[in-house]
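Dear colleague,

Please find the structure below, handed over for your records. A summary of the findings follows it.

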Number of protein chains: 2
Amino acid sequence: MEPVNGSLRRSILDISRKMLVDEGFNRISMRKIAQKVGCSATSIYLYFKNKDALLHSLIEEGFEKLYEILSALNHPDKSPARKIEDYCRAFINFGLNNPEYYEIMFQLHPKHMERYPVEKFRRARRNTNLFMNALQELNDERMKSPEDARIWANVFVANIHGGISLLNAGRVDSRVEREKFIDTLVAGILAGSGELKLSHQT
Amino acid sequence: MEPVNGSLRRSILDISRKMLVDEGFNRISMRKIAQKVGCSATSIYLYFKNKDALLHSLIEEGFEKLYEILSALNHPDKSPARKIEDYCRAFINFGLNNPEYYEIMFQLHPKHMERYPVEKFRRARRNTNLFMNALQELNDERMKSPEDARIWANVFVANIHGGISLLNAGRVDSRVEREKFIDTLVAGILAGSGELKLSHQT
DNA sequence: TTTATTTACTTAACACCGTTAACCAAAAAT
DNA sequence: ATTTTTGGTTAACGGTGTTAAGTAAATAAA
């Protein structure tokens with residue numbers, strides 16, 4: 001059975017992406033991908049070294065997608081404080097709206113990331129760098145040095161990640177309203193780094 | 001081959017716990033457990049409904065262990081602010097020192113948690129409740145209602161979890177010193193909820 | 001004391017999984 | 001016309017969680 005599309009590699013990626021979004025990461029198998037693509041399971045190995053390498057392509061797509069969203073918020077005539085809050089909320093929305101993408105981007109076991117190419121890691125870091133740049137623009141006394149801004153940027157991402165992770169895992173107390181949790185999470189993140197405040201009170 | 005210990009269930013749990021700590025969650029298999037225990041793989045099903053149920057016992061152990069650590073810090077003549085910081089640091093240490101336990105407690109895919117007993121969930125929540133109680137003791141204006149304290153307690157745990165998760169996954173920028181990251185994380189968490197400050201500046 | 005039943009386990013098997021080795025037909029190059 | 005490369009295939013290995021059926025020993029009932 002020939003793939004409709006002449007490029008088998010492209011078909012494999014398209015089907016894998018769809019299966020990831022529809023059924024989730026842990027329901028994907030080489031044989032199931034192959035069956036949907038219309039080729040043998042081993043043909044996938046002609047274009048991807050192994051299952052992890054295939055996954056890495058999807059992970060990269062995820063980080064690119066996130067970066068598209070975040071970098072679009074980086075408008076010159078926006079205050080750095082506002083940028084940071086926008087980044088936070090957009091990041092959270094991305095994580096909640098794309099839980100399967102988010103899982104492989106941030107929750108995948110380190111074992112599967114050992115061979116993630118350095119260059120892809122570098123590109124993924126651009127997302128954290130957006131936070132870092134905005135934090136430096138703040139001219140806050142705690143963020144004077146780039147090193148401090150880098151630390152805080154990583155802490156911001158960690159805090160956001162923690163919220164998304166617990167929400168997606170259903171581990172936030174069910175008596176806590178989702179929206180209030182998110183608002184409080186963002187408020188806490190912003191306040192944590194100095195004098196940042198929510199742009200609109202709830 | 002008889003298990004040394006007359007209670008097979010106990011032996012299975014002991015071996016599973018050791019394999020979890022030594023080799024990690026995803027290297028555990030029913031057959032490998034059985035081989036080490038000295039019984040057949042299917043014998044495990046006499047005492048645990050399936051692999052998830054076995055895992056749930058270990059998860060529960062993890063939450064009990066964490067609660068022992070945290071509740072020991074809940075001394076009456078300690079300021080609530082100090083309690084909260086101690087909780088944060090002890091929580092983080094637990095996560096970093098017991099990454100395999102932490103993984104199944106907080107990172108396990110929801111699919112594997114669907115049948116986690118409600119009663120065990122309730123016991124696991126005692127950890128968040130420690131934060132909640134301390135936050136209420138603060139008498140901060142933002143924490144007046146128990147509802148607000150509950151939200152903030154969940155946000156605190158989310159922030160802590162985010163840090164542990166990224167550290168254990170090796171996803172914190174390698175140029176950021178581990179200790180500084182943790183200090184900044186804790187400082188951010190404490191500052192986020194109001195006027196809390198680190199007990200000792202770094 | 002003999003028979004029946006329960007207890008505590010085992011072996012065999014099913015339907016999957018990622019991955020490798022060996023093979024093969026058609027296209028391209030020599 | 002013959003060799004080589006391209007782009008796939010099938011078969012197989014050693015694993016996985018789980019279920020069904022069988023079995024030997026201990027216990028209970030007759």
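A polar side-chain atom of A:Tyr47 is placed 2.4 Å from a phosphate oxygen of DNA strand D, a polar contact being a pair of N or O atoms within 3.5 Å; within protein, one must be able to donate a hydrogen and the other to accept it, and residues adjacent in sequence count only if both atoms are side-chain atoms. This is a predicted model, in which local features need pLDDT of at least 70, side-chain atom pairs count only at pLDDT 80 or more, and totals for chains, interfaces and linings use all residues. Side-chain values use heavy atoms, with hydrogens and water left out; residues are numbered from 1 along each chain as its sequence is written, and chains are lettered from A and ligands numbered from 1 in the order in which they are written.

The polar backbone atom of B:Met30 in question is 2.9 Å from a phosphate oxygen of DNA strand D, while a polar side-chain atom of B:Arg31 lies 2.6 Å from a base nitrogen.

As for the two protein chains, chain B can be laid on chain A with an RMSD of 0.0 Å by a turn of 180° and a shift of 0.0 Å along the axis, superposed by least squares on the C-alpha atoms of residues with pLDDT of at least 70 in both. That is the relation of a two-fold axis.

With kind regards
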